[in-house]
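Reader: I have a model open on my screen and would like some practice reading it. Could you walk me through a helix and a loop residue?

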Amino acid sequence: MDNIVTVDGPSGVGKGTLSQWLCNKTGFLLLDSGAIYRALAYGSIVEKISETDIDALVTLAINLPVSFYATNVLYDNKDVTASIRNEETAAIASKIASITEVRTALLERQKSFYNKGSGLVADGRDMGTVVFPKAKVKLFLTASAAERAKRRVKQLKSQGVDAILTQITLDIEQRDERDRTRLSSPLVPASDAIIIDTTYLSIEKVYQIAEKALWDNGILK
């Protein structure tokens, strides 16, 4: 898998921004695995499926009517890009993502995004450890919960949404705990991942570190 780059890490560390930049730099396709889990969460809301109804969630995951068009996410051919980015959907996605059966149901779906001829940038939480463990370059982004909360509040306010910093910080810490301690595919960097702490780094500096990794590993020539 010489043309796969994985970008893992918790929410708010800059994975999406870096992944888009990497796609532009390499011409690779993008797999936004977080959007798949959020689409599943959105579907569970639409279908009124409880977070504890594992059988129904697995069935929905197997038949998930999600597709991507450019940077937009479609659910049953409806553009839900904005809907899946709200806090309610994110919270549900975090909870159902901890269910082993759900992760297993979505694993092959994620692997199917790889086309050797096109190359792939895979953005998620277990791309380098579970989905594409043989990826050529594995990046793991991290940042303090306090900094990530500030970024999220700023983002929400720019969208005209009121947000309380203490509540957002608590939500992030709880989500991190679920991700780190789940039995299936816990959020940990791959043993060969390049770890980038974005707490005090500009996005330009993050780009520089990532670009060097691509050159060092022969993806950029």
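Predicted model: local features only at pLDDT ≥ 70, side-chain atom pairs only at ≥ 80, totals over all residues.

Reader: How many residues does helix H1 have, and how far does H1 reach from its first C-alpha to its last?

Author: A helix's reach can be set against an expected value. H1, residues 15-26, has 12 residues and reaches 16 Å, close to the 16 Å expected at 1.5 Å a residue. Gly27, with a positive phi near 80 degrees, follows H1.

Reader: Which residues of H1 are buried, and what covers them?

Author: The buried ones are Lys15, Leu18, Ser19, Trp21, Leu22, Cys23 and Thr26. Their cover includes strands S1 (4-8), S2 (29-32), S6 (120-124) and S7 (137-142), along with helix H9 (203-216).

Reader: How do I describe the way H1 and H9 cross?

Author: Look at the axes and the angle. The two axes come within 11 Å and cross at roughly 50 degrees. That angle is why H1 counts as oblique to H9. The crossing is right-handed. Among the residues that meet there are Trp21 and Leu22 from H1, and Tyr207 and Leu214 from H9.

Reader: And the loop residue: where is Asp192 found?

Author: Asp192 lies in the loop between helix H8 (165-181) and strand S8 (194-197).

Reader: Why is Asp192 called partly exposed?

Author: Accessible area decides. Asp192 is partly exposed because its relative accessible area is 47%, between the 20% and 50% cut-offs. Its side chain also makes a polar contact with the side chain of Lys138, at 3.1 Å.

How values were computed. Residues numbered from 1 in each chain as written. Heavy atoms only, no water. Helix = DSSP H or I, 4+ residues; strand = E, 2+ residues; numbered from the N terminus. Buried < 20%, exposed > 50% of the residue type's maximum accessible area, 1.4 Å probe, protein only. Polar contact = N/O pair within 3.5 Å; in protein donor to acceptor, adjacent residues only side chain to side chain. Expected span 1.5 Å × (residues − 1). Contact = heavy atoms within 4.5 Å. Axes fitted to C-alpha atoms, helices over the stretch in contact; angles between N-to-C directions. Parallel < 35°, antiparallel > 145°, perpendicular 65-115°, else oblique. Left-handed = near helix turned anticlockwise from the far one by under 90°.
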